[in-house]
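Here are my notes on the model you sent. Please read them with the structure open beside you.

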Amino acid sequence: MKKEKIIYNIIWVSFWLVILLTSYIKISNASNQINDSKLKVEKFFKTLKSMKANFIQVGPSGNVSNGKIYLDLPGKLRIDYEKPNDVLITSKGFWLTIQNRNSKTTNNIPLDSSPFSILIKKKLDFQSKFLTTDLKNKSGIISLKISRRENNNVEGLTLEFLENPFNLKKWIIEDTFGESTTVLIQKAVYNEKLSHLLFFPDDFPEPNNSD
């Protein structure tokens with residue numbers, strides 16, 4: 001009877017050792033996968049000099065817009081919406097200039113107040129004291145959510161990368177009201193020299209007030 005009890009205890013302990021070992025292997029593999037994903041994202045940002053691509057934007061209400069996007073890093077951005085929107089967004093490092101070509105109006109907002117600043121300034125740092133990052137890897141899609149630590153609102157930027165071949169697939173901007181705008185990237189071309197003229201705003205003529 002005592003011998004059977006000893007065998008039973010050995011089997012029971014062995015069972016739990018197998019469970020613990022299996023759990024450790026799964027956790028270790030998941031940790032290795034996240035670390036590998038971090039290295040890939042960091043390498044992407046370090047080697048990214050420029051990008052031009054088509055995009056499809058889906059707004060919070062489901063409205064769809066199309067256009068072209070240009071990045072020349074660090075500092076330069078152009079988002080050119082096709083008609084009927086006909087909106088142009090440009091930046092050369094300090095301001096986002098938003099222009100409506102239909103109404104010939106221009107608005108400037110500080111770049112630092114926009115989630116785009118993280119991408120445009122090319123300063124992604126997983127150890128940053130000013131940013132929080134949440135990295136996930138699921139089914140070959142690497143998702144990186146970035147937000148500012150001092151921002152108590154839900155506003156943030158999520159970048160999604162296709163792991164193989166590695167490239168930027170889309171980004172999602174979440175505003176202070178919790179609504180999301182998704183931008184799908186298509187036909188991207190990386191690290192090709194771009195004209196600096198792309199990043200100047202349109203020059204609208206001064207309104208003629210004479211009678």
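1. Helices (H or I, at least four residues) and strands (E, at least two) are DSSP runs, numbered from the N terminus. Leu 77 is in strand E3, residues 76-81. Residues are numbered from 1 along each chain as its sequence is written. The model is predicted, so local features need pLDDT of at least 70, side-chain atom pairs count only at pLDDT 80 or more, totals for chains, interfaces and linings use all residues, and side-chain values use heavy atoms, with hydrogens and water left out.

2. How far can you trust it? The average pLDDT, the predictor's confidence in each residue from 0 to 100, is 76 for the protein. A score of at least 70 is reached by 71% of the residues. Over residues 7-30, pLDDT stays under 50. Where pLDDT is low, the predicted coordinates should not be read in detail.

3. Is Leu 77 buried or exposed? Buried means under 20% relative accessible area, exposed over 50%, and partly exposed in between (1.4 Å probe, protein chains only). Leu 77 counts as buried because its relative accessibility is 1%. Leaving aside neighbours within four places in sequence, Leu 77 contacts residues including Ile 69, Thr 90, Phe 116 and Phe 199. Phe 199 is 122 residues away along the chain, but the C-alpha atoms of Leu 77 and Phe 199 are separated by 6.3 Å.

4. Now take Thr 90. Thr 90 lies in strand E4, residues 87-91. Thr 90 also counts as buried, because its relative accessibility is 1%. Not counting residues up to four places away in sequence, Thr 90 touches several residues, among them Leu 77, Trp 95, Leu 96 and Phe 199.

5. Next, a hairpin. Strands pair if DSSP finds at least two bridges between them. E5 and strand E6 (residues 105-110) pair in the antiparallel sense over six bridges. Leu 96 has Ile 109 in E6 as its bridge partner. Four residues sit between the two strands of this hairpin, and Lys 104 takes a positive phi near 60 degrees.

6. Finally, the lining of the largest pocket. Its 27 residues include Gln 57, Tyr 81, Ile 89, Phe 116 and Ile 173, the closest to the pocket's centre. A pocket is an open set of points on a 1 Å grid over the protein atoms alone, where a 1.4 Å probe fits, with protein on both sides within 12 Å along at least five of seven lines; lining residues have an atom within 4 Å of a point. E10 gives the most to this lining, with three residues.

Key: Contact means heavy atoms within 4.5 Å.
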